[in-house]
Amino acid sequence: MIVGGRQKTPGFWLLSRPVTFGSGATGQPRLWTGGEEGEDAWFLWLFVSFCGFAMGSRSSHVALIPDVDQIRRETGFSQASLLRLYHRFQALDREEKGFLSRLDLQQIGALAVNPLGDRIIDSFFPNGSQRVYFAGFARVLAYFRPIDEDDATLRDPKQPEPLNSRMNKLRFAFQLYDLDRDGKISRNEMLQVLRLMVGVQVTDEQLESITDRTVQEADEDGDGAVSFLEFAKSLEKMNIEQKMSIRILK
């Protein structure tokens, strides 16, 4: 697929848009990536469901959020955004446990129809944990905070890179493919993810072909897998800053 005059790695291009498959002029399978405008990435639509407003009788004072000052420093969220996310967190925590379980997140309707719903949920539970508290919930969503141009100029270089930086957004995306967390995307991992995403829209033969081409085009060192640096380079022309940003998360 050609984008901006450059060949794009097809499997990773799926990251940015809803995808269906059709036939090109030659009758060969081709990727169809939808329109150019708007926030059309599938994961943005999903993550908006994590950020909805929750109205009710619970307190609306930001000072009652546990460790709010530290969370603000780590995530860069404004008080208004943190309060909105905290309301959403409380709404998902129907039993008022003070944390969310996998089952709580599985109740989000958008996950039921998203092919990578389980992978998204996994990102909230690193290292085999079974609970996510509000700080962890906000930390994951911080990857989708829009990048403020002032952030780069005001940031102390001695401080950690912001969670919403381009490289950290890419790292978040990379781990959706890197199923075994070994720092590389193998051909089999790519095939598994693409199979989840396209379902029965393509034949096994077509999917194998797309997988092979994706890995071959990104794999610069010839080891048969895609490292994070190779992944990042394959997406260097993509506007990740926009594709992986939700405007309400300021």
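Of the 250 residues in the chain, 47% are buried, where buried means under 20% relative accessible area, exposed over 50% and partly exposed in between, with a 1.4 Å probe and protein chains only. This is a predicted model, in which local features need pLDDT of at least 70 and side-chain atom pairs count only at pLDDT 80 or more, while totals for chains, interfaces and linings use all residues. Residues are numbered from 1 along each chain as its sequence is written, and side-chain values use heavy atoms, with hydrogens and water left out.

The chain holds 14 helices and six strands, which are DSSP runs numbered from the N terminus (helices H or I, at least four residues; strands E, at least two). Among the contacts with a separation of 6 or more, 66% are between residues 24 or more positions apart, a contact being heavy atoms within 4.5 Å.

| Helix pair | Angle | Axis separation |
|---|---|---|
| α4 (residues 79-92) and α8 (residues 134-141) | about 120° | 10 Å |
| α11 (residues 187-198) and α12 (residues 204-218) | roughly 130° | within 9 Å |

The axes are lines fitted to C-alpha atoms, for helices over the stretch in contact, and the angles run from 0 to 180 degrees between N-to-C directions. The crossing of α4 and α8 is right-handed, meaning that the near helix is turned clockwise from the far one by less than a right angle. On the α4 side, Leu82, Leu85, Tyr86, Phe89 and Leu92 meet Phe134, Phe137, Ala138 and Leu141 of α8. The residues of this contact comprise nine nonpolar, no polar and no charged, with Ala, Val, Leu, Ile, Met, Phe, Trp, Tyr, Cys and Pro counted as nonpolar, Asp, Glu, Lys and Arg as charged, and the others, Gly among them, as polar.

The whole structure contains twelve aromatic pairs, taken as rings of Phe, Tyr and Trp (its six-membered ring) with centres within 6.5 Å, where planes under 30 degrees apart count as stacked, over 60 as edge-to-face and the rest as tilted. Tyr86 and Phe89 are a stacked pair, because their ring centres lie 6.5 Å apart with the planes at 5°. These two residues are three apart in helix α4, and so about one helical turn separates them. Tyr86 is buried at 14% relative accessibility, and Phe89 is buried at 4%. Phe134 and Phe137 form a tilted pair, at 6.3 Å centre to centre and 35° between the planes; being three residues apart in helix α8, they too are about one helical turn from each other. Phe134 has a relative accessible area of 5% and is buried, as is Phe137 at 0%. Ring pairs join Tyr86, Phe89, Phe124, Phe134 and Phe137 into a cluster.

The α11 residues Arg187, Met190, Leu191, Leu194, Arg195 and Val198 meet Asp204, Leu207, Glu208, Ile210, Thr211, Asp212, Thr214 and Val215 in α12. Here the contact residues divide into seven nonpolar, two polar and five charged.
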